[in-house]
Amino acid sequence: MARPLRVGVQLPEVEWSPSFADYAAMARAAEEVGFDSVWLGDHLLYRGDGREERGPWDAWVLLSALAAVTERVSLGPLVACTAFHPPGILARMAAALTEVSGGRFVLGLGAGWNETEFRAFGLPFDHRVSRFEEAFEIIRRLLGGEHVTLGGRFHQAEDAVLLPAPSQPTPLMVGSIGPRMLELTLPHVQSWNAWADWYGNRAEGLAALQQQVDETAERLGRDPREIERSACLVVELDRQAPGQRPHSGVEPVSLDRAADELRALAEAGADEAILVLRPIDETSIRALGAVLSTLD
């Protein structure tokens, strides 16, 4: 029997401070033990939550490097904040990563939420959805091979085009449950992602979000069956491990229950589960490989 769904893993963000050698080892381990995808958070800075300030390496540089040291897994940001780069430049970066990865890149997009990093790096935090709307139009149309002109309130483009022309499409994924964000993106994206907190980290909580996606897509004239669904799942291997980020309001799934929860997510309509491991390191990734083997 075929595996019921694809399974990915998110690599560390600020849980600890991996070197690139560590990231490469984790990505290779994920590929070796049977994961289907590898994801990185796209953030700049965390501070002001009672812990020391911290930040991850640039997600785009790491994704490019990981594309060069892996062969099979899909790669993507979970999710890229459209406010961090001009939209035309972000589209160019995505097209290049699609090329470098041999078509394994998935462009997850969102509007951002962490005001601290916006302020620290001089990025406007106001009108986030309106800014996303204009950026998303430029990005998707450029990646679709169009010449794009847009005179927006926040973003502009004048006969912009991607050259070299993308050799293959870049799949788009949205990570949001905001009604307006869904209206803007569901007519165009290939997949939708739900963070664990949004559905309670249990398969039974996914139904209401699935219904929201279905109803929005249908109202906009899109067949909901065309939109793949992915869900992040927090799996805890060691509650006492240092350096873990808290997941407020979410009870992690234990390692011995992970296979059952993955099967339940598949039955609930998920096409992919993205595991957020606690702790997240190569040892944890390899431990989950045994779980993946039971899903075949």
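**Close-up views of helix H1 and its surroundings**

**View 1. Helix H1 meets helix H2.** Phe20, Tyr23, Ala24, Ala27 and Arg28 of H1 touch Leu62, Ala65, Leu66 and Val69 of H2, where contact means heavy atoms within 4.5 Å. By class, this contact has eight nonpolar, no polar and one charged residues. Here Ala, Val, Leu, Ile, Met, Phe, Trp, Tyr, Cys and Pro count as nonpolar, Asp, Glu, Lys and Arg as charged, and the others, Gly among them, as polar. Helices (H or I, at least four residues) and strands (E, at least two) are DSSP runs, numbered from the N terminus.

Please keep in mind that this is a predicted model, in which local features need pLDDT of at least 70 and side-chain atom pairs count only at pLDDT 80 or more, while totals for chains, interfaces and linings use all residues. Residues are numbered from 1 along each chain as its sequence is written, and side-chain values use heavy atoms, leaving out hydrogens and water.

**View 2. How H1 and H2 cross.** The axes of H1 and H2 (residues 59-69) come within 10 Å and cross at roughly 50°. Axes are lines fitted to C-alpha atoms, for helices over the stretch in contact, and angles run from 0 to 180 degrees between N-to-C directions. H1 and H2 are therefore oblique to each other; angles under 35 degrees count as roughly parallel, over 145 as roughly antiparallel, 65 to 115 as roughly perpendicular and the rest as oblique.

**View 3. H1 beside helix H10.** H1 (residues 20-33) also packs with H10 (residues 282-293), at an angle of about 10° and with axes 9 Å apart. The two helices, H1 and H10, are therefore roughly parallel. On the H1 side, Ala25, Met26, Ala29, Ala30, Glu32 and Val33 take part, and they meet Glu282, Ile285, Arg286, Gly289 and Leu292 in H10. The residues of this contact divide into seven nonpolar, one polar and three charged.

**View 4. The largest cavity.** Look here for a cavity of about 40 Å³, lined by Pro12, Glu13, Tyr23, Leu40, Gly41, Pro56, Trp57 and Leu62. On a 1 Å grid over the protein atoms alone, a cavity is a set of points where a 1.4 Å probe fits but cannot get out, and lining residues have an atom within 4 Å of a point. Grid points are joined across faces, edges and corners, and a volume is the space filled by probe spheres set on the points. The lining of the largest cavity has six nonpolar, one polar and one charged residues.

Note on methods: On a 1 Å grid over the protein atoms alone, a cavity is a set of points where a 1.4 Å probe fits but cannot get out, and a pocket is an open set with protein on both sides within 12 Å along at least five of seven lines; lining residues have an atom within 4 Å of a point.
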